[in-house]
Amino acid sequence: MSRPTPPTYKIKNWRAYNEALKRRGSLTIWFDPEMTWEARPTGKRGRQPTYSDAAIQTCLTMKVLFGMALRQTTGFVESLLQLNGLDWSVPDFSTLSRRQKTLAVNIPYRGSEGPLHLLIDSTGIKVEGEGEWNARKHGGAKRRIWRKVHLGIDEKTLEIRAVEFTSSDIVDLEQGNSGCDGCV
């Protein structure tokens, strides 16, 4: 049995094609100069935080988006601020590491009009352990640690309205009746 021949495309407008390829790599990051980068005094005893939660969250967002380590993130954010003409100081990697543990992320909430019908489902995520290939190849430990992500999705808008992380022994039905302690 012969393979079907793949379709051939003939590019006629090379200038538009090249520009489209260049636009795929374009990146614009904008910082609001009115953003509160420095932290306000907490009124508690001890050393006051230097950077606001928004500054820490911005740096950690860059870290996750571009898959960088904390030291690389510090250098990246420094260069972005310099390119934008802002003379703000950047949190060092140890500050980012320490503050990410206690960072309170505010996610905006939109109420629903009328009753809310949630569709509950879950998926498993492997969070620890060697890869299957490595275990087969080198005879490593076969034990895997799994967590479940339970999602509550609005039936009408298909927006995620609730998220809960649990151990793998919890089933969806138990999460659906829990009162949604971890609702977003």
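Three salt bridges are present in this predicted model, a salt bridge being a side-chain nitrogen of Lys or Arg within 4 Å of a carboxyl oxygen of Asp or Glu. Because the model is predicted, local features need pLDDT of at least 70 and side-chain atom pairs count only at pLDDT 80 or more, while totals for chains, interfaces and linings use all residues. Residues are numbered from 1 along each chain as its sequence is written, and side-chain values use heavy atoms, with hydrogens and water left out.

Helices here are DSSP runs of H or I with at least four residues, numbered from the N terminus. Glu19 is partly exposed at 35% relative accessibility, whereas Lys22 is exposed at 55%; buried means under 20% relative accessible area, exposed over 50%, and partly exposed in between, with a 1.4 Å probe and protein chains only.

Another salt bridge pairs Asp53 with Arg99, and their closest N and O atoms are 2.7 Å apart. This pair links distant parts of the chain, since Asp53 belongs to helix H2 (residues 53-66) and Arg99 to helix H4 (residues 93-100), 46 residues apart. Asp53 is partly exposed, at 37% relative accessibility, but Arg99 is buried, at 15% relative accessible area.

Asp154 and Arg161 also meet through their side chains in a salt bridge, at 3.6 Å from N to O. Asp154 is buried, with a relative accessible area of 8%, and Arg161 is buried at 10% relative accessibility.

Notes
Helix = DSSP H or I, 4+ residues; strand = E, 2+ residues; numbered from the N terminus.
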